[in-house]
Amino acid sequence: MDGIEEVFATTDLDGSAPDQATAPDGGWGWFIVLAAHINIVFFDGIIASIGVLLVRMKVYFGEGAGKISLIASIGLFVIHSAAPFAVVLSKRYGARMIAWMGSILCTAGLFMSGFATDFTTLCITLAVVTSTGLSFSFAPTTAMLGQYFHNRIGLANGLASAGYGIGVMGLPPLTQQLIDIYGWQGACIVLSGLVANLSVAANLLRPLEKTKDTKDKAKVKKNCILHSCDRVCWFFGFHILRLKPLVNGALLGIVLLAASNGTFVTFLLQRVADIGIDATKGSFLMTVIGASSLVIRLTHGWFVDLRIVTPIFINACSLTVWGLFNILFPLVTDYSMIVFFCVMFGLTSGLQNSLTFVIVKDIVGTELYPSAVGLLLLTFGTGSFIGILTAGSLYDFYDTADVTFYVIGIFALTGSLVLIITECIYRRQQTVDSKSVKDDETVTPVML
């Protein structure tokens, strides 16, 4: 190991050298799971609630769906693209400090959004400030979860990601009720008070205790003197693309996954409103998505940890099913069938979004995982930005949301194909590595 690889391997979320011992797979790690769970409740709950707010904001500002969807697309891009910065700052100042800072930014952003009087101001407060806060709170917590768990990462990640179900079940209907009572501005102010609870989750973050010797410290000092380009690549996790080429295929599949999932949630309520379904019934659909997602996230972890099939294969199958359902969705106008489709979205997206972290950890390993989290979230943001912006433009051009769901389906099916190819390469690589180790063990030493 040399150069940039060596620097990363000797640096952790608290800026210190990592202990090479195995992750504890328990202990204080369960409090890290709780912190991650709380983060995901608000992270995904607020994202889902933006879809509810956009319906009312479209009327308030008198803008088209393409322009108003910029709030969602920019917001999702900022949430995920700010993650590498959050991970880098966590290495320098500690995960707890950055997560706590994120809770303040998120609270302030939502509060200021309640007083926004024009579209540009709302983009800054809601899409930039609030999203940056969510990212700064979420990314360090998720990275630390990967350090505390290894053998039981599927279970830990499933329990943490169950927060998606709770957030999507609870916050969008609550947001709709708040809009009916106080308007969308008042709803933002009330939500700002709720997300202040992220500071409680930040206080649960405790770095693993590590042992360091003089040699490790000298290595850190020696290897911190790098070419500026190498340092930038390391900061944002781009060096992983070179160290672990297989992750490129996984990230490409995840871009297409994010383009599909983020767009569906954003335009679901718009399509429901277009076909004349009541707004209260529309917001209930988010509860259905959250409930079904909660069930699958709580139950899939033990199966993933059995490793009967790989997480990449599970994700690819789930994405295929979801792509086909998206293509059929525009044909559905009956409310009960729309509920069924939302159940399927909750089940498939619950698998996809939680397994992406497990997939990336399997490919890059424990040492590279903290930096990979930032790169993974940046990938999510890129996919969401492309998907929502494309869907919004198509909505304005065709004056119907139907075509957007056809595009979502194509994104999902293409992403599934990419993941299947990545899975084949991954299996071949594992076979070659296993054979190489076996050959090394059977070599007979020469006696002199």
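**Figure 1. Buried residues of helix α7 in the predicted model.** Ile153, Gly154, Ala156, Asn157, Gly158, Ala160 and Ser161 are the buried residues of α7. The model shown here and in the other views is predicted. Since seven of the nine residues of α7 are buried, this helix is largely enclosed by the rest of the structure. Helix α7 spans residues 153-161 and is among the helices that each supply at least two residues of the lining of the largest cavity.

**Figure 2. The largest cavity and its lining.** The whole structure holds four cavities of 30 Å³ or more. The largest cavity contains about 440 Å³ of space. It is lined by 30 residues, of which Phe43, Asp44, Tyr164, Asn353 and Phe380 are the closest to its centre. By residue class, the lining of the largest cavity consists of 19 nonpolar, nine polar and two charged residues. Contributions of at least two residues each come from α2, α3 (65-81), α6 (119-148), α7 (153-161), α8, α13, α14 (279-306) and α16. Helix α16 gives the most to this lining, with seven residues.

Figure 3. A search of the whole structure finds two salt bridges. One of them joins the side chains of aspartate 180 and arginine 56, with an N to O distance of 3.6 Å. Aspartate 180 belongs to helix α8 (residues 163-195) and arginine 56 to helix α2 (residues 29-61), so the pair ties together parts that are 124 residues apart in sequence. Aspartate 180 is partly exposed, at a relative accessible area of 45%. Arginine 56 is also partly exposed, with a value of 34%.

Figure 4. Arginine 271 and aspartate 402 meet through their side chains in a salt bridge of 3.1 Å, N to O. Distant parts of the chain are linked by this pair: arginine 271 lies in helix α13 and aspartate 402 in helix α17 (residues 402-441), 131 residues apart. Arginine 271 counts as buried because its relative accessibility is 4%, under the 20% limit. Aspartate 402, at 26% relative accessibility, counts as partly exposed.

**Figure 5. Aromatic pair between helices α13 and α16.** The whole structure contains 20 aromatic pairs. Among them is the tilted pair of phenylalanine 267 and tyrosine 395, with 6.3 Å centre to centre and 35 degrees between the planes. Phenylalanine 267 lies in helix α13 (residues 246-274) and tyrosine 395 in helix α16 (residues 335-398), so that distant parts of the chain, 128 residues apart, are linked by the pair. Both phenylalanine 267 and tyrosine 395 are buried.

Figure 6. Phenylalanine 340 and phenylalanine 341 form an edge-to-face aromatic pair, at 6.1 Å centre to centre and 85 degrees between the planes. Phenylalanine 340 is partly exposed, with a relative accessible area of 39%, whereas phenylalanine 341 counts as buried at 5% relative accessibility. Both residues belong to a cluster linked by ring pairs, made up of Phe264, Trp322, Phe325, Phe329, Phe340, Phe341, Phe345 and Phe405.

**Figure 7. Charged side chains over tyrosine rings.** Arginine 92 lies over the face of tyrosine 93, at 5.1 Å from the ring centre. In a second example, lysine 281 places its charged end over the ring of tyrosine 335, 5.4 Å from the centre of that ring.

**Figure 8. Cysteine 106 in helix α5.** Helix α5 (residues 95-113) includes cysteine 106. Cysteine 106 counts as buried, with 0% relative accessibility. Its C-alpha atom is separated by 9.0 Å from that of serine 135, a residue 29 residues apart from cysteine 106 along the chain.

**Figure 9. Glutamate 367 in helix α16.** Glutamate 367 is found in helix α16. Glutamate 367 is partly exposed, and its relative accessible area is 35%. Although glutamate 367 and glycine 146 are 221 residues apart in sequence, their C-alpha atoms are 9.5 Å apart in space.

Terms used: Residues numbered from 1 in each chain as written. Predicted model: local features only at pLDDT ≥ 70, side-chain atom pairs only at ≥ 80, totals over all residues. Heavy atoms only, no water. Phe/Tyr/Trp six-rings, centres within 6.5 Å; stacked < 30°, edge-to-face > 60°. Helix = DSSP H or I, 4+ residues; strand = E, 2+ residues; numbered from the N terminus. Buried < 20%, exposed > 50% of the residue type's maximum accessible area, 1.4 Å probe, protein only. Lys NZ or Arg CZ within 6 Å of the ring centre and 35° of its normal. Salt bridge = Lys/Arg side-chain N within 4 Å of Asp/Glu carboxyl O. 1 Å grid on protein atoms, 1.4 Å probe; cavity = no way out; pocket = protein on both sides within 12 Å on 5 of 7 lines; lining within 4 Å. Points joined across faces, edges and corners; volume = space filled by probe spheres on them. Nonpolar A, V, L, I, M, F, W, Y, C, P; charged D, E, K, R; others polar.
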